[in-house]
Amino acid sequence: MAVLTMIGQLLLALTILVGLHEFGHFIFARIFGIRVNKFYIFFDFLFPLPNVLNFALWKKKAGDTEYGLGWFPLGGYVDIAGMIDETKDASQLASEPQPDEFRSKPAWQRLFVMLGGIIVNIILGVLIFWGVKFVWGDEYYSKAEVNKAGIYAYPLAQEIGLKSGDKVLKVNGADYGDFGEVRAALMQENTEFTIERNGEIKQIPVPNDLIDKVATKVPFIEPIMPFKVGEVTKDSPAEKAGLKEGDKIVKIDSTPVVYFQQFQTELEKFKNKKVELLVERGGQQVKLYPVVTKESKLGFRAQSELISSTQKYNFGEAFGVGAKEALSVIPNQIKGFGRIFKGHISAGNAVSGPVGLAQWFGSYWDWERFWGLTGLLSMGLAFMNALPIPALDGGHVVVLLYEMITRRKPSEKFMERTQQVGTFILLTLMVLVLFNDTFKALFK
């Protein structure tokens, strides 16, 4: 069920994003009087082979356009008359250009058609971030709340000199209010934490290549988290042993438990074994004997007892905050690519495909997280499509800008060749990303 929930969230997000991206091309084509033969969510053929396994799950003709839902869930497309793309080649454009075809329109109009998907994805990203900020605001752990007990330093953090119980006072010499800023600082170069340990102030520099290890989901730091039992998974060892939501675990075997990270560490000692838990429930202490799974799990969600802060925004404030956060995604993507080229992070760890994206959404449905990730992906899709790679929108834009500057239109044969090269590059990247994704999911 958890896997189906992850897949369902990813498919819904991609359907929204791809559908509206293609709508961007569609609407600009219609504005300039260009005929659109097809508008499909997903492909109705075996991509990238337009003449193989041609069938749709649903389709309907309205005017000149056939609208449909394809069977191959890898994107979507609009078939714009007179344009070379993944659905046609130069041989299909041998006849004289018609007034309602893409190729007969001025370069500036064709440019807007190609930018349409990117424009809509940016607008969508801003609108989603706006809505998330207005409905849910920002929930976070404040510096003051975290520093009551300090941070929990995982082995990776211990390698650079951090210790559990350290209190992070500043990040790169600046104060902060939201603990999320501490973790976000790992995306920056030459980061330095100012910490307090046993009354002594210390500076802890963060190696630039640390982000490569963090990107593989190796834990780094978290607030030390006192906890109680949250939702208990049905048919899990926790449920079978009688653990209930609201219970407070005070001992595991003979070891007192104060915070969740400590509990996790102790639990790892009992893989595939029965363990004794001392639990406080309604003012009484109860002993339970669950069997720990081979993954060192019992099957419940920990409910943090840290007191979170929430910043609420009115309608206007939410737009300003949401737009700023949405638009920051693109420069952050550029910085991320820069760090790949500098060798701070490997491309394999920096890039996620369908498996990694599904894991981001998680095993249970949370609308705030769903829309937050969908907004993030919308901005990411805009950035990726703007890259000057043939077959992507950015590749078409480069050719059109060349035409507008030189007033020389590339031949349709040239466009066909660049489309083929671009498609090959994209397919190769997709195979590599999918392999890398699967390898990380299975072996890391």
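Is Glu325 buried, exposed or partly exposed? Glu325 is partly exposed, with a relative accessible area of 35%. On this scale, buried means under 20% relative accessible area, exposed means over 50%, and partly exposed lies in between (1.4 Å probe, protein chains only).

## Basis of the report

This is a predicted model, in which local features need pLDDT of at least 70 and side-chain atom pairs count only at pLDDT 80 or more, while totals for chains, interfaces and linings use all residues. Residues are numbered from 1 along each chain as its sequence is written, and side-chain values use heavy atoms, with hydrogens and water left out.

## The chain as a whole

The chain has 444 residues, of which 42% count as buried. Its C-alpha trace spans about 85 × 50 × 45 Å along the principal axes. The secondary structure comes to 14 helices and 17 strands. Helices (H or I, at least four residues) and strands (E, at least two) are DSSP runs, numbered from the N terminus.

A contact means heavy atoms within 4.5 Å. Among contacts between residues at least 6 apart in sequence, 69% join residues at least 24 apart.

## An open sheet of four strands

Four strands, in the order E13-E12-E14-E15, form an open sheet with antiparallel pairing. Strand E13 (255-256) and strand E15 (284-288) each have a single partner strand and stand at the edges, so one side of each is left without a neighbour in the sheet. Two strands are said to pair if DSSP finds at least two bridges between them.

Strand E12 (residues 248-252) and strand E14 (residues 277-281) run antiparallel and are joined by four bridges. Within this pairing, Ile252 stands opposite Leu277 in E14. Helix H8 (residues 260-267) lies across E12, E13 and E14, and runs at about 40° to E12. For this angle, axes are lines fitted to C-alpha atoms, for helices over the stretch in contact, and angles run from 0 to 180 degrees between N-to-C directions.

Helix H2 (residues 107-136) contains 30 residues. From its first C-alpha to its last it reaches 43 Å, close to the 44 Å expected at 1.5 Å a residue; the expected span is 1.5 Å times one less than the number of residues. A kink of about 45° is centred on Leu115. The bend at a residue is the angle between axes fitted to the seven residues ending there and the seven starting there. After H2 comes Gly137, whose phi is positive, near 70°.

Arg110 belongs to helix H2. Its relative accessibility is 5%, and Arg110 therefore counts as buried. Leaving aside residues up to four places away in sequence, Arg110 touches Phe102, Arg103, Lys105, Leu400, Glu403 and Lys409.

## Salt bridges

The structure holds 16 salt bridges. A salt bridge is a side-chain nitrogen of Lys or Arg within 4 Å of a carboxyl oxygen of Asp or Glu. One of them pairs Lys38 with Asp44, the closest N and O atoms being 3.0 Å apart. Lys38 is partly exposed, at 24% relative accessible area, whereas Asp44 counts as buried at 5%.

In another, the side chains of Lys133 and Glu325 meet at 2.8 Å, N to O. Lys133 lies in helix H2 and Glu325 in helix H9 (residues 315-341), so the pair ties together parts that are 192 residues apart in sequence. Lys133 is buried, with a relative accessible area of 5%. A further salt bridge joins Lys342 to Glu189, with the closest N and O atoms 2.7 Å apart. This pair links distant parts of the chain, 153 residues apart: Lys342 is in the loop between H9 and helix H10 (347-350), and Glu189 is in the loop between helix H5 (180-184) and strand E8 (192-197). Lys342 is exposed, at 53%, and Glu189 is partly exposed, at 32%. Salt bridges that share partners also join Lys133, Asp138 and Glu325 into one network.

## The loop at Thr233

Thr233 is found in the loop between strand E11 (227-232) and helix H7 (237-241). Thr233 is partly exposed, with a relative accessible area of 45%. Not counting residues up to four places away in sequence, Thr233 touches Glu239, Gly299 and Phe300. Thr233 and Gly395 are 162 residues apart in sequence and 48 Å apart in space, C-alpha to C-alpha.
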